[in-house]
Amino acid sequence: MPYLGSEDVVKELKKALCNPHIQADRLRYRNVIQRVIRYMTQGLDMSGVFMEMVKASATVDIVQKKLVYLYMCTYAPLKPDLALLAINTLCKDCSDPNPMVRGLALRSMCSLRMPGVQEYIQQPILNGLRDKASYVRRVAVLGCAKMHNLHGDSEVDGALVNELYSLLRDQDPIVVVNCLRSLEEILKLEGGVVINKPIAHHLLNRMSKLDQWGQAEVLNFLLRYQPRSEEELFDILNLLDSFLKSSSPGVVMGATKLFLILAKKFPHVQTDVLVRVKGPLLAACSSESRELCFVALCHVRQILHSLPGHFSSHYKKFFCSYSEPHYIKLQKVEVLCELVNDENVQQVLEELRGYCTDVSADFAQSAIFAIGGIARTYTDQCVQILTELLGLRQEHITTVVVQTFRDLVWLCPQCTEAVCQALPGCEENIQDSEGKQALIWLLGVHGERIPNAPYVLEDFVENVKSETFPAVKMELLTALLRLFLSRPAECQDMLGRLLYYCIEEEKDMAVRDRGLFYYRLLLVGIDEVKRILCSPKSDPTLGLLEDPAERPVNSWASDFNTLVPVYGKAHWATISKCQGAERCGPELPKTSSFAASGPLIPEDNKEREQELPDSGALMLVPNRQLTADYFEKTWLSLKVAHQQVLPWRGEFHPDTLQMALQVVNIQTIAMSRAGTRPWKAYLSAQDDTGCLFLTELLLEPENSEMQISVKQNEARTETLNSFISVLETVIGTIEEIKS
Amino acid sequence: MIGGLFIYNHKGEVLISRVYRDDIGRNAVDAFRVNVIHARQQVRSPVTNIARTSFFHVKRSNIWLAAVTKQNVNAAMVFEFLYKMCDVMAAYFGKISEENIKNNFVLIYELLDEILDFGYPQNSETGALKTFITQQGIKSQHTKEEQSQITSQVTGQIGWRREGIKYRRNELFLDVLESVNLLMSPQGQVLSAHVSGRVVMKSYLSGMPECKFGMNDKIVIEKQGKGTADETSKSGKQSIAIDDCTFHQCVRLSKFDSERSISFIPPDGEFELMRYRTTKDIILPFRVIPLVREVGRTKLEVKVVIKSNFKPSLLAQKIEVRIPTPLNTSGVQVICMKGKAKYKASENAIVWKIKRMAGMKESQISAEIELLPTNDKKKWARPPISMNFEVPFAPSGLKVRYLKVFEPKLNYSDHDVIKWVRYIGRSGIYETRC
């Protein structure tokens, strides 16, 4: 990103670097180089001084060398031809007597991300692998992986791989771990490094010599190993026992994961392990390193999914403290919600109630939702607390409480009575869309038990013009229609007003359509309305089935100690799905949604793929206009597949019919003028499989009937029947509107 | 595996940026600044996913350190690495501040070069790193001795200590650093309390010394006291129950498990020997007794008594009590017996500072808070009263019983080593609800 004035800066630095006086003075020379690096860090394009920097690499000053190498690694891809000039110096440094210089040169050379460098680095790497200084060997081993990356996943060099496998026996622990890492990258396409029995046992024996990074890495690689016998399995577990108590939480988590995976056939061992890491996990949860604490809490939640009682006796550890950061508090509330049992429910609810009045609205709301979650088991206590919260008359509290009530009434119908008593009066304190929707829904569904329900809804109807959220208006329509069924006298007038507003004045199409739909539904008759609006609800217990109380440990063991528990499974699925799509090629359309990703993700592609309809249903394709000629030809060539007579009374407006048919994707090819007797019309439609329906309508007002003849180009009775029923519905509706 | 490491100041300007893998581009630097540092709302998580790239960040004063990766890594490990990075930097140039980072930016690049290679953590022990990082530079030709050190350092058995260290004076410093955390209900009931402690050792010892560390751990004392019943009962009172403890890599864990003895060859210089946590029999150095009375709608009377609860001969320092006040406070009158109290409108709190306070004393503050009448019906949430202090003892009750040094090859014995032990108890989150 070229910043303003960067050209001048480059010019000035170039001059300084060329100045022989500065070159002679080491400190001044180094200072100029430092300035170059500083600008580079800030994002200025410094590739203009590449030539001068290459010259500066020929020095005995190690710090200067390091800086120049850093510079070269950044800009080498931009100036590959100039970078080749530096190779000479680097190669010379690779045989320096000082191991540090050798290592540095080799590392930098391997990091020059530019094409054509491979042929120069191959030999130094091979020499490096056999260097007597372990420092150089470490660098060389990783250099192999870098070289492979430059090649771009081409063929694997078998000799090199063998050399690396043999270096797994190196004395230096870091060389060993680097070998594993390097092999893993080189053999990525073949499934990574192979951990067989000798290697696994060798690594196990070296474990205690490694530092924490090495230990974590090796534990991760050992996941791949399958012990031959039960005996071997338990030997390994014994060897690794001490790592469950390591000072590094990362190693503890890694060891836990390994235990869980290795012992996947021994549930009691798994449980035992989870009991033993309780201490270290709790320690991490109360540690001062907040980020680590956050990660630990995420994993505690994961464990709680399988073992709900696991941390119950330590519930006080998850009480929030005032000064903790937001993200820890939210996690703790979630944890508290999950470890509730008969003994601690009182204290936990007491604590959660305290959070509900927190200054941070976000935190308060999550605490209320948590109480709602607990209410599924301990309904009475929770409803009481929630009701008390309504008394505070706080906007942000009331809206969440009402939303919680809505979910609760659905899941635990036994609390309906209590909720209905609590509701009156809270409409004054709700301003946001979600809260209003919840309240309106409750009033609609349980309105017969809330005395003032119609009057509350009336307020909403009166202010509907100034309502900004279409979702609220839709909810209002449904609720009022429902309430109308149980209390018709009080609602009829305002329902009329609302329908009139929605159909005549509303701008939002969805609301208008819903209004029209209800209007027509009412025309069909009150019984039909009842049948549709008060149809049997889905089983409330189904919602609970979605998150089963206990998940087996094995279902998440492989996700333990990765990013999955941190992001949550759903979010991670969307992330990794996109990554998969990216790998397949960026031109692939991304159909996934970012629903769970939160506001931080730039949502460039939100489109959802439309769900394909069931194959049995009829799907008429819009805008399939046939020419009159083609229609005539086809019409004459086909036989009548179906003929039917519908009753028709009263006046007739062809335009209305045409419009109505258009809505259901039936096109009018030709029709007689209004008033002609007998009146005739020819219609056509096509479904998604390509089947054509050609129709003739014949209206004879004298007989008060309409004759329909349908022809089909493929004989399929199933779709024919559904087509006819569509046609009947349209004509039926039009007729009723007229009468 | 870490793809890149960035350091920003509070404005979001990049101070250090080091990229290790090709899949992390320059735009990642800007993505983090825009989405996290400049974000309007509070930080929602220390792990952020922006365009399928994970950003792990920690904050030190107003400096942001972010590690970036596209892989599914172990979150705990990445954070540990960032902490380690902070420790190493602090060991080289002290406090992590914008100024220090700007002044030492060459050094930081050098460190980043050594600690991570291709995104994989390499050697991160401060002591061992010192051989590779040449702050003074200018000399390429190392002496023979130094060169052999680099080679021997890894061919030897232990990675954390090099051979051939010599000191004229053999000296060691032990610091027992504890932070005591408390959450107390208004009625004076302890909701939760725990001490997390660290034993930090600074060793300046020659050769390859073998050290043995002993403390008043309940299990050890009971084990030793089996023979003499008297001793058990006598020392039983002073022994403490450690909930869990972890050790530096150098401690031989097998010996700890079998004999509960802590023996090790220490790294040179400063390191954290042990980390532990206790929850039982904690000495709470201070008790806070709050009394809040609402007089009408525009006045609030607050009285807070603090009692020190330790030996009268000891002195607590840097005591600070923070009493939150409502948002609509218009004026505050404070009277305190000791120290200085001030109402800080910007922080919405009365801050009461006492320089020193001896044990078994008590002091009180009373304040009258005038409130502006508001039509906001929102009730004041009453945040807890928090406290900061430093005491010269370990609130967990931990005592160092001995630290013995054996160096069989060189001729100095345990008696010749000068040893220093210091206990510091600090407040962690020390809150009393009111």
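Predicted model: local features only at pLDDT ≥ 70, side-chain atom pairs only at ≥ 80, totals over all residues.
## Setting the scale

Partly exposed describes a residue whose relative accessible area lies between the buried class, under 20%, and the exposed class, over 50%.

## Where the two chains meet

Let's start with the interface. On the chain B side, 96 residues are in contact with 105 residues of chain A. Together the two chains bury about 8700 Å², and carbon and sulfur atoms account for 55% of that area.

As for polar links, 31 residue pairs are in polar contact between chain B and chain A, with both residues at pLDDT 80 or more. Helix α2 of chain B, residues 75-93, gives the largest share of the side of chain B that touches chain A, with 8 residues. Sorted by class, that side of chain B has 40 nonpolar, 32 polar and 24 charged residues.

## Salt bridges across the interface

The interface of chain B and chain A holds 7 salt bridges. In one of them, the side chains of B:E114 and A:R107 pair up at 3.3 Å, N to O. These two residues also belong to a network of salt bridges, in which A:R107, B:R18, B:D113 and B:E114 are linked.

## Salt bridges within chain A

Over all chains the count of salt bridges comes to 52. A:R224 and A:E184 make one of them, with their side chains at 2.8 Å, N to O. This pair ties together distant parts of the chain, 40 residues apart: A:R224 is in the loop between α13 (212-222) and α14 (230-240) of chain A, and A:E184 is in helix α11 (residues 173-186) of chain A. What about exposure?

A:E350 and A:R353 form another salt bridge, at 3.5 Å, N to O. Here both partners sit in helix α20 (residues 345-356) of chain A, 3 residues apart, which is about one turn of the helix. A:E350 is partly exposed, with a relative accessible area of 47%, and A:R353 is also partly exposed, at 27% relative accessibility.

## A buried and an exposed partner

Then there's the salt bridge between the side chains of A:D559 and A:K569, at 3.7 Å, N to O. It links distant parts of the chain, 10 residues apart, with A:D559 in the loop between α32 (554-557) and α33 (564-567) of chain A and A:K569 in helix α34 (residues 569-584) of chain A. Is A:D559 buried or exposed? Its relative accessibility is 17%, so A:D559 counts as buried. A:K569, on the other hand, has 51% relative accessibility and therefore counts as exposed.

## Positive phi in two loops

The loop between α32 and α33 of chain A also holds A:N561. Its phi is near 60°, a positive value in a residue other than glycine. A:N561 is buried, with a relative accessible area of 2%.

Chain B has a case of its own. B:M360 isn't a glycine, yet its phi is positive, at about 55°. Look for B:M360 in the loop between β19 (349-358) and β20 (362-371) of chain B.

Definitions and conventions: Residues numbered from 1 in each chain as written. Chains lettered and ligands numbered in written order. Heavy atoms only, no water. Contact = heavy atoms within 4.5 Å. Buried area = accessible area lost by both parts, 1.4 Å probe. Salt bridge = Lys/Arg side-chain N within 4 Å of Asp/Glu carboxyl O. Polar contact = N/O pair within 3.5 Å; in protein donor to acceptor, adjacent residues only side chain to side chain. Helix = DSSP H or I, 4+ residues; strand = E, 2+ residues; numbered from the N terminus. Nonpolar A, V, L, I, M, F, W, Y, C, P; charged D, E, K, R; others polar. Buried < 20%, exposed > 50% of the residue type's maximum accessible area, 1.4 Å probe, protein only.
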